[in-house]
Structure formats: structure tokens, C-alpha cells
Amino acid sequence: MNRTKGDEEEYWNSSKFKAFTFDDEDDELSQLKESKRAVNSLRDFVDDDDDDDDLERVSWSGEPVGSRTRPGSFQSLSDALSDTSAKSYAPELGRPKGEYRDYSNDWSPSDTVRRLRKGKVCSLERFRSLQDKLQLLEEAVSMHDGNVITAVLIFLKRTLSKEILFRELEVRQVALRHLIHFLKEIGDQKLLLDLFRFLDRTEELALSHYREHLNIRDPDKRKEFLKTCIGLPFSAEDSAHIQDHYTLLERQIIIEANDRHLESAGQTEIFRKHPRKASILNMPLVTTLFYSCFYHYTEAEGTFSSPINLKKTFKIPDKQYVLTALAARAKLRAWNDVDALFTTKNWLGYTKKRAPIGFHRVVEILHKNNAPVQILQEYVNLVEDVDTKLNLATKFKCHDVVIDTCRDLKDRQQLLAYRSKVDKGSAEEEKIDALLSSSQIRWKN
Amino acid sequence: MTSPIPLPPPHGWMLPPLIFKPASNATSTSLESIWNQPPPKLPGKKDLFIEADLMSPLDRIANVSILKQHEVDKLYKVENKPALSSSEQLCFLVRPRIKNMRYIASLVNADKLAGRTRKYKVIFSPQKFYACEMVLEEEGIYGDVSCDEWAFSLLPLDVDLLSMELPEFFRDYFLEGDQRWINTVAQALHLLSTLYGPFPNCYGIGRCAKMAYELWRNLEEEEDGETKGRRPEIGHIFLLDRDVDFVTALCSQVVYEGLVDDTFRIKCGSVDFGPEVTSSDKSLKVLLNAEDKVFNEIRNEHFSNVFGFLSQKARNLQAQYDRRRGMDIKQMKNFVSQELKGLKQEHRLLSLHIGACESIMKKKTKQDFQELIKTEHALLEGFNIRESTSYIEEHIDQQVSPIESLRLMCLLSITENGLIPKDYRSLKTQYLQSYGPEHLLTFSNLRRAGLLTEQAPGDTLTAVESKVSKLVTDKAAGKITDAFSSLAKRSNFRAISKKLNLIPRVDGEYDLKVPRDMAYVFSGAYVPLSCRIIEQVLERRSWQGLDEVVRLLNCSDFAFTDMTKEDKASSESLRLILVVFLGGCTFSEISALRFLGREKGYRFIFLTTAVTNSARLMEAMSEVKA
């Protein structure tokens with residue numbers, strides 16, 4: 001990298017670097033600098049030559065920097081150990097020009113990158129040919145410091161057309177990842193999308209666009225934005241999710257407006273008894289279903305807020321539907337609804353209890369919602385597996401179920417053991433005693 | 001062996017006291033130096049704005065009175081609100097993040113608009129990034145603010161634990177592939193080698209580990225001479241990438257310290273115990289480290305042992321109190337002046353940890369911990385996959401916890417080399433329905449990081465199908481794989497587990513009171529992979545014979561050994577091992593290695609980018625609402 005004298009002169013005379021000539025004779029300039037320094041409370045130079053490099057700072061773009069860095073935590077830690085190492089850094093102006101050789105710009109790409117890593121003075125402006133730029137980038141990548149890679153990328157982004165930049169990065173994955181992350185962080189969505197488009201990364205392009213909805217507060221605007229996402233090149237599976245997201249928010253907006261009105265009118269019993277704790281906007285589908293089972297359980301399928309409508313629109317599986325409806329109705333202590341949820345009629349008109357989620361789960365959910373023992377008991381009895389049934393009955397103190405099950409199992413020992421768990425003089429105790437003294441039962445133990 | 005295995009006492013001689021004293025006043029001078037040393041000197045009164053994430057680390061080394069000494073008038077949190085500071089000087093102590101720059105710019109530009117001039121100083125910790133300067137320039141405040149760096153990158157959380165307190169390392173590197181913190185790690189290693197001499201034996205595994213190591217070597221060469229001729233004090237150093245072992249970090253923790261972290265979140269070595277623990281109406285901030293004598297004895301224990309230990313301890317305490325009954329005046333005087341304070345302290349600690357245990361028990365019973373652990377163990381061992389899958393499904397359907405559901409799915413994915421497409425689709429759909437459609441983005445993140453993947457169609461397609469699909473989508477498929485290839489790779493967990501014998505065969509009960517191997521940190525069901533690798537390499541002093549494991553870990557190019565011929569290392573130093581976790585380590589891993597150290601006569605010191613656990617990893621991957 002040989003520079004001609006002309007280059008050098010041009011460099012020193014360009015306005016950007018003028019601040020660094022530190023001309024001794026130029027009092028005005030040094031005064032100006034001094035006051036600027038005072039303003040920025042920065043310090044330029046130390047008298048200790050060894051530390052020169054650490055203390056002079058210029059940004060990568062060649063601008064003078066109003067700062068400098070402490071020489072790292074080692075310094076500070078050793079300072080902690082001994083006072084003697086605490087140097088006094090006093091600004092010292094008017095050093096001979098020769099000392100500022102460091103500002104010269106004939107660093108090789110690898111030297112430049114090394115200096116960048118240390119946060120030192122370094123101009124990148126002289127890397128003008130594509131070859132030089134790429135060499136610089138490769139040096140940065142091979143040094144592994146992401147901060148330097150990004151610094152070089154910022155320079156390349158500014159000095160290369162995006163087509164060329166993208167083309168070169170496509171074959172440089174490490175650098176590419178850094179650029180993508182950088183664009184995400186500074187929020188340059190436009191360039192990011194261009195980049196994904198160029199790379200033909202359609203799915204990332206779509207997701208990146210979709211991500212923006214998170215920044216939109218207003219529900220109607222958000223809904224409109226989601227609509228623009230529907231046609232994007234998501235995977236088939238994700239396309240369906242995006243469509244659902246849009247539909248869900250659309251429903252929520254309708255339900256919210258309607259219910260807010262109902263609530264404030266104060267005419268509807270359910271809203272009076274159970275005022276809404278939060279808006280339903282932007283809630284997940286399952287939460288919306290719960291809400292709808294809570295406030296709109298009996299509505300006909302035709303209304304947007306009815307649970308059945310939600311179930312159909314979003315193809316909610318039976319299991320999920322029952323689970324959610326059960327939790328909602330149990331919370332309201334609407335035991336009849338709970339009962340109806342599991343009652344099926346066969347073609348002869350007989351009713352039968354069936355639960356797609358298993359009755360042990362039903363019991364647990366009922367218990368979580370503080371269902372009374374009589375209700376719990378009914379469902380514990382429906383648990384098929386005897387051990388599970390006994391466990392649940394014991395756990396939730398469904399005495400009758402425990403006693404009856406022990407009797408059916410002819411398990412005298414277990415019944416005897418259970419006797420100590422019921423209250424003295426209670427009906428349960430009497431029932432146990434009656435069984436234990438019964439001569440009708442052939443106990444197995 | 002009696003049930004609690006106490007840690008060997010911290011050996012001051014092993015390392016200079018500065019680092020190895022748990023941070024109290026020892027390092028406060030490094031903070032003072034920010035204010036004392038000339039460049040950042042901002043004489044006069046100033047208001048200090050601190051980024052929330054820096055508050056806990058700062059808490060460990062400074063207090064309000066120190067700040068007052070430095071003429072800090074008011075303290076503000078950096079948040080997205082206009083600041084009502086009336087000070088003539090504003091100082092910002094922040095992580096080098098774009099959003100912080102924008103915040104500062106908004107303050108400065110608002111001042112400019114109002115015709116107000118004041119001084120601004122931004123102190124970046126641990127270092128400044130060029131991207132931040134670029135934002136300052138773009139916002140037109142470059143030159144209006146002065147910048148500085150505070151290389152506060154090593155916080156000693158305990159006698160054997162140094163944290164860089166950089167939780168974002170995980171997402172930045174393992175998700176985004178951004179290498180910005182590698183230099184910080186290299187600097188930290190450089191600092192340690194200047195303090196403790198060269199490291200004669202170096203080992204590492206992982207792409208990031210290798211890069212950090214190379215950058216650090218460069219640094220050492222550049223600053224040649226500083227460590228030359230010094231006697232090494234740390235015999236071995238081991239660098240390990242978090243993605244070499246995601247499984248361990250995803251498991252529920254059951255050793256006491258890990259459980260406390262999972263339940264209450266230990267932040268910078270201290271924990272906030274709420275009223276349910278303190279059995280008063282106040283919360284209490286408690287420092288958890290080796291200085292807490294009660295904690296020190298139970299921290300590495302399996303939770304099932306902790307109760308017994310605490311009640312024994314309580315009885316002993318009672319007995320010591322009771323001794324005063326038969327005392328005469330003089331003895332009583334001695335007792336009060338010499339022992340009572342210690343007993344009271346112990347009493348206080350004891351009741352705190354008992355309270356914590358009770359609270360943990362309550363929470364764990366409520367969430368049916370037993371069933372959860374059972375599922376995890378089944379996943380680790382690879383049986384009943386269908387049953388585990390439906391357990392996870394139910395977990396999701398009942399909206400138990402978005403983070404927990406995600407964690408279980410990731411565990412299923414990594415142990416099974418990806419979910420079969422049908423399960424992937426159905427779990428994902430249910431997850432989005434339960435926890436919100438925007439988690440589509442979370443799934444995309446998890447996939448890129450290799451935490452939650454779908455078994456490649458190629459694995460299951462018939463020959464004809466794959467031929468056809470190849471013809472049709474070769475180009476597109478290539479692009480897509482490119483996009484996702486980023487850092488993700490096949491986990492091969494099952495094969496690795498077999499090779500390294502991670503699932504111990506146990507006849508009868510595993511006695512958690514007398515652990516026989518590191519598996520005790522997971523109730524005897526699983527030896528943490530990361531710790532097993534470290535154990536094997538230390539045993540061999542190389543990667544020899546581990547080629548297959550390294551290949552299965554996709555680390556063929558990233559497993560390295562570097563030994564210096566000098567035999568200046570004393571046998572004492574050779575027992576001391578520095579383990580560096582890139583991307584975070586868990587308390588369970590620390591406990592397991594402490595155990596290994598006791599068994600083999602090593603002593604481990606840990607350097608981690610942050611202490612982590614499954615919830616933190618999942619949160620780092622979650623797409624948060626803006």
C-alpha cells in the first residue's frame with residue numbers, strides 16, 4: 001500500500017483530518033482544541049509514551065473523538081492493589097509532530113483491524129478499491145472480533161452500493177450474520193428486507209416483516225398490518241398461523257367493542273357479577289376461548305363471541321375445547337354446565353359420561369377451582385383406573401369413594417388404615433365401622 | 001461420609017486475594033477509578049443514569065455513599081422515559097446498546113431544542129462498540145457527549161465463581177451469530193493470565209471457544225512479556241461453548257443452589273426472598289456465597305438431603321443455646337460476648353433457608369414437580385417418547401407456563417434429534433393457540449439456534465420422494481438450508497449419551513446422600529454432558545480417544561489442546577482448573593464439577609459469561625413484545 005506524496009497531502013488537508021495536525025504554531029487552533037477538550041472533559045495525551053496508543057482515540061470513520069479509554073480493567077485492579085501505579089494523566093499539548101505518526105494512514109488491512117480492535121485511531125477512508133475493502137473485511141473476520149467486523153461493515157455499507165455489498169456478503173456468512181444483526185438492531189428494516197430479498201431468503205423476509213406488528217399499539221392498525229402479512233411467502237404451515245392471527249384479532253376487536261359497551265351499560269348480569277379484569281385484545285386464542293366460555297357460553301353459534309363459533313373458526317381440537325370450557329364453567333361454579341360437557345346420549349337415549357381428556361384431569365381442574373366434595377366425588381368415581389381413583393379420592397378427601405373402593409376391593413387393611421384419616425365420630429367413621437364389622441364381606445386380608 | 005459434603009475452605013493462597021475474596025470492598029476501587037482517573041473526570045455535582053442491568057453488578061462493589069463521594073447527586077435508571085434531571089452534568093453508565101444511544105440522544109436533543117447546555121458523559125461497560133458511536137453520530141450528538149469505557153468485566157460472585165454478567169452473550173452469539181463479545185472474553189482471559197501467570201494446559205471445544213482462545217493468544221503475543229517467566233498458578237484452562245451441551249442447561253435443577261436459582265432467581269450472587277420465605281412482611285435481599293456458613297454446606301446437596309441437614313443443624317443450634325443453662329456468671333458472660341453473636345447469625349441463616357425450602361416445596365408440589373421430573377428423565381433416557389409428548393401437549397393446552405412448555409419441547413427436540421414433522425406441527429400450533437401467535441417468531445429463533453427443530457424431511461422421505469423434491473426445489477432448498485444452517489446442527493444426543501455413559505446404570509436406589517458420580521445433581525438420572533467432557537479430557541490431558549464424541553458434537557474443527565512444554569507448573573497449580581463457559585453455566589454444572597474436584601483432588605474455578613438456567617435460555621429466545 002504505497003501512497004504517493006500527493007495522496008498524503010490530500011489526506012492531511014482534507015477537512016476531516018485537520019483536527020489532528022496539531023500544529024504547534026497555530027495557537028488559535030490549539031486554543032480551540034483546548035476549549036473543546038474542556039467542554040468534553042476529555043484528555044488527549046499522557047506523558048507516558050507506553051500508553052500513548054491507549055489514550056488517543058478517533059472513531060473508525062476518522063472523526064476526532066472526544067474521549068479516551070482507561071487502559072482496561074487490569075489497570076484498575078492493580079490500582080486497587082497499589083497506589084504507586086496510579087498515573088497522573090495530564091493533558092499535554094504541543095508535543096512534537098513526529099510523535100503523532102500513529103495517525104498516518106498507511107496501516108495495512110491487518111494493522112488497521114488490530115488497531116480497531118483496541119479502539120485506536122484508525123481511518124478506513126483510504127480503503128477505496130473493492131479489493132481493499134474486502135481484504136479489510138476478511139482480516140476483521142479472521143480476527144474474530146464482532147465489534148470490528150461490524151465497524152468494517154458500517155464502512156462498507158456507506159461506501160458500496162447495496163447490490164455489491166450484498167453480493168460480496170452472500171459468500172461471507174460470518175460477516176453476513178453481523179450485518180443482519182446490525183440492521184436488526186439499528187432498525188434499518190428497509191435494507192434488511194432488501195437483503196433478504198436479494199438472498200432469496202423468503203421466509204426470513206416474511207418473518208421480519210411480520211415482526212413489525214409488535215411495534216403497533218393501536219388494535220385496528222395492527223389488524224390492518226397483519227392483513228398485509230397474509231400474502232407473504234411464509235411456509236404453508238405458517239401462512240395458516242398468520243391468517244389465524246389476523247382473524248383472531250379481528251374477532252377480538254368486535255368482541256371487545258361489544259363487551260365494553262355491555263359492561264358499561266350495566267344491564268348484563270355476568271359483567272356486573274364478574275367485571276372484566278383486562279381487555280381481550282391481543283390475548284392468545286385459548287385465553288379468548290376461556291373468555292368466551294366465561295361470558296358468552298350460551299350464545300348461538302352465529303355470534304362471533306360464542307365458544308362454538310371460535311371452536312369452528314379456529315378448528316380447536318375437542319380436547320382443548322373441553323379443557324378450556326371446563327375451567328371456565330368450573331370457575332363460575334356452573335356445575336350443570338360441567339355436567340353437560342361430559343354427558344353424551346347414545347341412540348337409545350341412554351346417557352353416558354365421557355371425557356376426551358380423561359376424568360383424572362377433570363378432577364384436578366375441578367379441584368383447582370374449589371369444587372365442593374360432592375361434585376368432585378362424582379367425577380372421581382368416573383376414573384377408570386382403580387389405583388388412580390383411590391389416589392385422587394384420598395388426595396381430595398372424597399371419603400365415600402375411598403371407603404366404597406376399599407370395600408369393592410375387599411381390602412380390609414387399607415380401610416382400617418383410612419379410618420385414622422377421617423374425623424372421630426363422623427358419619428364416615430361410622431360407615432367404616434359398619435363395614436368392618438359386617439359379616440357379609442369376604443375380606444381378602 | 002456424613003451427609004453434607006462441605007467444600008474445602010477457600011484457599012487464599014491459591015489466588016491473589018483480590019479476585020478470590022467475594023466482592024465486597026475489595027474491588028470497589030476499580031469503580032472509584034472510573035471517577036478518579038482523569039479522562040472521565042467529571043468534577044462537580046452530577047446526576048448518574050445507570051442501566052438496569054448494571055445495577056446488580058454495581059451493587060456488589062459500590063454503594064450510595066461511594067457514589068456520594070464522587071459527587072453523584074441523583075441516581076436514575078436508564079429507561080424509556082424523559083428524565084427530569086436539573087443537574088448541569090449528566091453521566092450515563094450503560095451497556096453498549098443501540099437503544100441506550102437512542103435514549104441518550106433523545107435527552108441531549110431535547111436539551112438542545114430547549115437551548116440548554118450541559119455536560120454529558122457516557123461510560124460504556126465493558127467496552128464501547130463502533131455501532132454505538134455510529135448512532136451518536138447519526139443522531140447529531142457526536143462531540144456533544146464524551147465517551148469512556150469501564151472494563152468492568154469480571155465480577156467475583158464467590159470464591160470460585162467469576163461472572164462477566166453478560167447474559168446477552170447467549171442470544172448475540174448463539175442466535176444472531178454476532179461475535180461482539182469474543183474480544184471481551186479474550187480481554188478477561190488476558191487479565192486473568194496477567195494476574196495468575198500463563199496457563200500451561202489449554203483445552204477447548206466449540207467454535208466460539210476456539211475463536212476466543214485465538215483472539216486471546218493474539219493479545220498475549222501483542223503484549224508479550226507480561227506473563228513471560230511467571231510461574232503459572234492455574235494449571236489448566238478449559239473453554240466450552242454452551243451449544244456443545246444444551247441438554248444440561250435445559251433440565252430442572254434439583255441441587256439446592258440450582259433450585260433456589262430456578263425458583264427465586266439468583267441475581268448477581270444474591271437473591272430476594274419474599275415474605276413467604278422470611279415469614280415476616282418484608283422481603284430480604286440475601287447474599288448467597290461461601291461466607292454464608294449454612295448455605296455453603298447445603299448449596300451442592302441434592303434437595304432431598306437438605307431437610308435432614310437443616311433439622312440436624314437446628315437441633316445442634318438448640319443444644320448450643322441450651323448449654324447456657326448450667327453456666328455460672330462468668331461462663332455466661334463469655335458465652336454472650338463470644339458465642340451468642342455467631343449463634344444468632346446462624347439462627348438467622350438457618351431460618352431463612354428453612355423458609356426457602358418450605359416455599360420451594362409448596363411451589364413444586366403445586367406444579368406437580370414429580371411428574372415433570374419423571375418426564376424429563378424419560379426424555380433423557382429416550383423411552384416413552386409418546387407419553388412425554390402428550391405430557392408436553394397437556395402442559396401447553398393448560399397454559400401452565402410459556403417458558404416451561406418451550407423448555408420441554410426443546411428438551412424433546414434435542415434428545416430426539418429434532419421432532420418428527422407431525423409432532424412439530426401439532427405442538428407448534430397448540431403452543432401458538434395457548435400462548436399467542438407472535439411466538440411464531442420464537443419458533444423461528446429456536447430453530448435457527450438449533451434448540452427446537454423438525455427432523456429433516458430427507459430423514460424420512462422415501463428415495464423417490466426425495467429425488468423428486470430434489471429436482472423441484474434444489475435451489476430453493478439450498479437457500480432455505482443456508483438460512484437455517486446458521487448455527488444449528490444435529491444434536492446426536494442419544495449417541496453421545498451412549499458413548500459417554502451419561503445415563504448411569506443403577507441397581508436399586510441411587511443413594512443421593514452418598515453420591516457416587518456427578519449424576520447426583522440430576523437425582524442420579526443423568527451425568528451432565530458438559531461436565532463429563534471436562535472430566536474425560538482432564539483425565540487424558542487431551543482429546544485423544546474422544547474423536548467420535550467430538551464428531552458427534554459437530555466440533556471436529558473446534559476441539560483443541562494447547563500445552564506448553566515448560567514444566568514450571570507446580571503440582572499445586574496443576575490441581576487448579578479454570579473452566580470457561582461461553583454462553584452461561586448453571587449452578588448444577590458448578591455443583592457437579594465441585595463434586596468431581598473433591599473426588600479427584602482438583603479444584604475448579606469458574607468463569608462464565610453469566611450464570612444461566614433453562615428459563616433464562618428460553619427467555620433469551622422468546623420474542624418479547626416491544
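Chain A is assigned two domains, with domain 1 covering 109–200 and domain 2 covering 203–316. Because this is a predicted model, the values below describe computed coordinates. Taken over C-alpha atoms, the centres of domain 1 of chain A and domain 2 of chain A are separated by 43 Å, and where the two parts meet, 5 residues of domain 1 of chain A are in contact with 5 residues of domain 2 of chain A. Together, domain 1 and domain 2 of chain A bury about 510 Å² between them, and carbon and sulfur atoms give 62% of this area. On the domain 1 side, Gln189(A), Leu193(A) and Phe196(A) supply 75% of the area buried against domain 2 of chain A, which is more than any other three residues supply.

What kinds of contact does the rule find across the interface of domain 1 and domain 2 of chain A? There are 2 residue pairs in polar contact, with both residues of each pair at pLDDT 80 or more, while the number of salt bridges found across this interface is 0. The residues on the side of domain 1 of chain A that touches domain 2 of chain A divide by class into 3 nonpolar, 1 polar and 1 charged.

Chain B, in turn, is divided into domain 1 (30–151), domain 2 (156–245 + 522–621), domain 3 (268–365) and domain 4 (367–416 + 418–456), so that, by this assignment, domain 2 of chain B is made up of the two stretches 156–245 and 522–621. The centres of domain 1 of chain B and domain 2 of chain B, again taken over C-alpha atoms, are 33 Å apart. Here 8 residues of domain 1 of chain B are in contact with 10 residues of domain 2 of chain B, and the two domains bury about 680 Å² between them, 52% of it on carbon and sulfur atoms. Of the area that domain 1 of chain B buries against domain 2 of chain B, 51% is supplied by Arg60(B), Arg95(B) and Phe129(B), more than by any other three residues.

Which charged groups pair up in chain B? Glu168(B) forms a salt bridge with Arg97(B), whose closest N and O atoms are 2.5 Å apart, and the count of salt bridges between domain 1 and domain 2 of chain B is 1. Between domain 1 and domain 2 of chain B there are also 3 residue pairs in polar contact, both residues being at pLDDT 80 or more. The side of domain 1 of chain B that touches domain 2 of chain B has 4 nonpolar, 1 polar and 3 charged residues.

Notes: Residues numbered from 1 in each chain as written. Chains lettered and ligands numbered in written order. Predicted model: local features only at pLDDT ≥ 70, side-chain atom pairs only at ≥ 80, totals over all residues. Heavy atoms only, no water. Contact = heavy atoms within 4.5 Å. Buried area = accessible area lost by both parts, 1.4 Å probe. Salt bridge = Lys/Arg side-chain N within 4 Å of Asp/Glu carboxyl O. Polar contact = N/O pair within 3.5 Å; in protein donor to acceptor, adjacent residues only side chain to side chain. Nonpolar A, V, L, I, M, F, W, Y, C, P; charged D, E, K, R; others polar.
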